[in-house]
Amino acid sequence: MRISDSNLLAAIAALGVEHKAGVSLAQKTSLEIGGTSDVLVIHKHESLPGLIQLLKDKNVPHRFLGGGSNVLLPDGELPWVVLQLARQDPEVRFEGNNVFVDCAADLGRTVTTCAKHDLGGMEGLIGVPGSIGGALRMNAGAYGTQIGTHVREVKIYRAAAGQIETLRGSEINFEYRHTSFAPDDIMLTVRLELPSKSYSEILQGIRICNEKRRASQPLNQKSAGCIFKNPPGGSAGRMIDELGLKGHSVGDARVSDRHANFFINAGHATQSDMLALIADVRRRVREKYGIELEEEVIVWKEQ
Ligand code: EPU
């Protein structure tokens, strides 16, 4: 969606928010699927309440995009203006075992920065792509680690209240790939409390996780990680594999040959290719196993 109202553009600029016109969003997502839209880059967290109020007053539909690694966007001109947080400086600040992290920071880089300060516990998350905010929102996890375990406080823009609030970790439910944040809440800063560990011990853990991931996941291809959540007690990847669906495709959307729960963009896949592949695989799993798989990837669709 394009913003052409010059009064609105002036009000946005007055808030210190940067307006980028006609941005290709495919370049901002790990699936490399997505059309174009104007993007508003928020440099100071404090400008968020005013910005959202302004967009509401002017009836401008908007969506917030984080690291872009777990999202499937539509093609063509998007019907929303896209909001993004600029990285804060510094991204990470240490106070003993407490780490204050900017939610726009890259998850993997944060894990290694903490390691250099002899703080561990996040080794399993090393290869998970995306931002700290995205990881928080869905309680990202891998190899026995989930980020929610370490969360002590989160500063968010609480959409329902229209203001910035700080929640204690105990006020937030972190479950398997699910949290109690509202869909339109925006994560700003998190305080993690991490256990002390030597750098070499953390590096050893990181190395092991990296090796496991390299051996089982298609890391150099365009994907959104696992496309479905695992059903309770089961493995979506194993079921899809057992159905013989590795390599199965719709257009350029294809089930990975390496890990069957990774769907890759093998060329110029569109959102509808990917959605058709998701629906087809879900139907086959339902027919064979009687299980309804739930998407892990966040799909942007018009309501
Ligand atoms: N398997 C197959 N074929 C496949 C894929 C997996 O037979 O094509 C089997 C494996 O051999 C293994 C079992 O299924 O016995 C489970 O596979 P894996 O260890 O790869 O774990 P997963 O349950 O498929 C989960 C997370 C991953 C995370 C890994 C490692 C979900 C949906 N996926 O995968 O997270 O990296 O464990 O901890 O929870 C993500 O969330 O995007 C993601 C990739």
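How many helices and strands does the chain have? Seven helices and 19 strands are assigned, where helices (H or I, at least four residues) and strands (E, at least two) are DSSP runs numbered from the N terminus. The radius of gyration, taken over C-alpha atoms, is 20 Å, close to the 19 Å that the globule rule gives for 303 residues, so the chain is as compact as a globular protein of that length. The globule rule is 2.2 Å times the number of residues to the power 0.38. The structure is a predicted model, in which local features need pLDDT of at least 70, side-chain atom pairs count only at pLDDT 80 or more, and totals for chains, interfaces and linings use all residues. Residues are numbered from 1 along each chain as its sequence is written.

Along its principal axes the C-alpha trace spans about 55 × 50 × 30 Å. Buried residues make up 38% of the 303 residues; a residue is buried if 20 or more other C-beta atoms, placed from the backbone, lie within 10 Å of its own. Two residues are in contact if their C-beta atoms, placed from the backbone, lie within 7 Å. Of the contacts between residues at least 6 apart in sequence, 64% join residues at least 24 apart.

Neighbours within four places in sequence aside, L136 is in contact with C103, I147, V151, V154, M187 and V190.

An open antiparallel sheet is formed by four strands in the order β15-β18-β17-β16, with strands taken to pair if DSSP finds at least two bridges between them. The edge strands β15 (223–226) and β16 (249–250) each have a single partner strand, so one side of each is left without a neighbour in the sheet. Two bridges join β16 to β17 (residues 253–255) in the antiparallel sense, and V250 has A253 of β17 as its bridge partner.

C226 lies in β15 and is buried, with 22 other C-beta atoms within 10 Å. Residues up to four places away in sequence not counted, C226 touches A236, N261, F262 and E296. C226 and F263, 37 residues apart in sequence, are 7.4 Å apart in space, C-alpha to C-alpha.

Methods:
Buried ≥ 20, exposed ≤ 12 C-beta atoms within 10 Å, placed from the backbone.
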